[in-house]
Each structure stands twice: as C-alpha cells, then as structure tokens.
Amino acid sequence: RMNDKITGALKAMKKKLAEVPNEAYKEFVKDTPVRSGNARRNTHLQKNTINADYPYAKRLNEGYSDQAPSGMVTPTLAFVKKRVAAILKGK
C-alpha cells in the first residue's frame, strides 16, 4: 500500500536525521586544530549541542590556527546542510 511505503520512507529519514548531530560532532572535532589535543578533548556532544569547552574556542573558530583557517562551525554547518539534503533525497 502507498501509505505503508510513505510511512516506511519517513521512518527511515527520521532515523537518519537523528544520527546527524553525532555525525556533525565528528566533523566538528575532525576540523578542530590539534596542538596539545586539549581542544579536541574538551569538545563534547550534549544532547544535540556541540560544546567546545575551552577558553580559546572562539579564537580557533575565527581562523586563528593555520590548521583550520575556516574555523570549525562553518565547515560543520556546510556538512550538516549537505547531509540533510542527501537524507531528504533518500540517500
């Protein structure tokens, strides 16, 4: 039945969308510069929020490090937009 197909597709999308915060967190950490490892160690996912809990997070996000000239938020947002678009297209 058509309703069953729609319901199944929506459930699959919902499941994939629920994984996006964790995927975004991994992307954020991957984009976080590494010197001592403190920044990556002190970045956590709490519910659906990424918390960069160290005093120089804003500075790193503003491109202070050559390792992350675009910071972490901009690339992570681009990842999320691309990922959500793919999910909505059924991928």
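**Note on the predicted model**

1. The largest pocket has a volume of about 290 Å³. A pocket here is an open set of points on a 1 Å grid over the protein atoms alone, where a 1.4 Å probe fits, with protein on both sides within 12 Å along at least five of seven lines. Points are joined across faces, edges and corners, and the volume is the space filled by probe spheres set on them. Helices α2 (38-41) and α3 (57-61) each give two or more residues to the lining.

2. Basis of the numbers. This is a predicted model: local features need pLDDT of at least 70, side-chain atom pairs count only at pLDDT 80 or more, and totals for chains, interfaces and linings use all residues. Residues are numbered from 1 along each chain as its sequence is written, and side-chain values use heavy atoms, with hydrogens and water left out.

3. Pocket lining. Thirteen residues line the largest pocket (an atom within 4 Å of a point). Nearest its centre lie Pro33, Arg35, Tyr56, Leu60 and Tyr64. By class, the lining has six nonpolar, five polar and two charged residues. Pro counts as nonpolar, and Gly as polar.

4. Core. Leu60 also belongs to the largest nonpolar core, with Phe28, Ala39, Tyr54, Ala57 and Met72. Such a core is a set of buried Ala, Val, Leu, Ile, Met, Phe, Trp, Tyr and Cys residues joined through side-chain atoms within 4.5 Å. Leaving aside neighbours within four places in sequence, Leu60 is in contact (heavy atoms within 4.5 Å) with Pro33, Ala39, Tyr54, Ser65, Ala68, Gly71 and Met72.

5. Overall form. The pattern along the sequence is α-α-β-β-α-α. Helices are DSSP runs of H or I, at least four residues; strands are E, at least two. The radius of gyration, over C-alpha atoms, is 16 Å, well over the 12 Å that the globule rule gives for 91 residues, so the protein is more spread out than a compact globule. That rule is 2.2 Å times the number of residues to the power 0.38. The C-alpha trace spans about 55 × 20 × 15 Å along its principal axes.

6. Thr76. Thr76 sits in helix α4 (residues 73-88). Its relative accessibility is 7%, so Thr76 counts as buried. Beyond four places in sequence, Thr76 touches Ala24, Glu27, Phe28, Asp31 and Ile50.

7. Lys47. Lys47 is in the loop between β1 (43-46) and β2 (49-52). Lys47 has a positive phi of about 60° although it is not a glycine. Most residues other than glycine have a negative phi. At 79% relative accessibility, Lys47 counts as exposed (over 50%).

Methods. Buried < 20%, exposed > 50% of the residue type's maximum accessible area, 1.4 Å probe, protein only.
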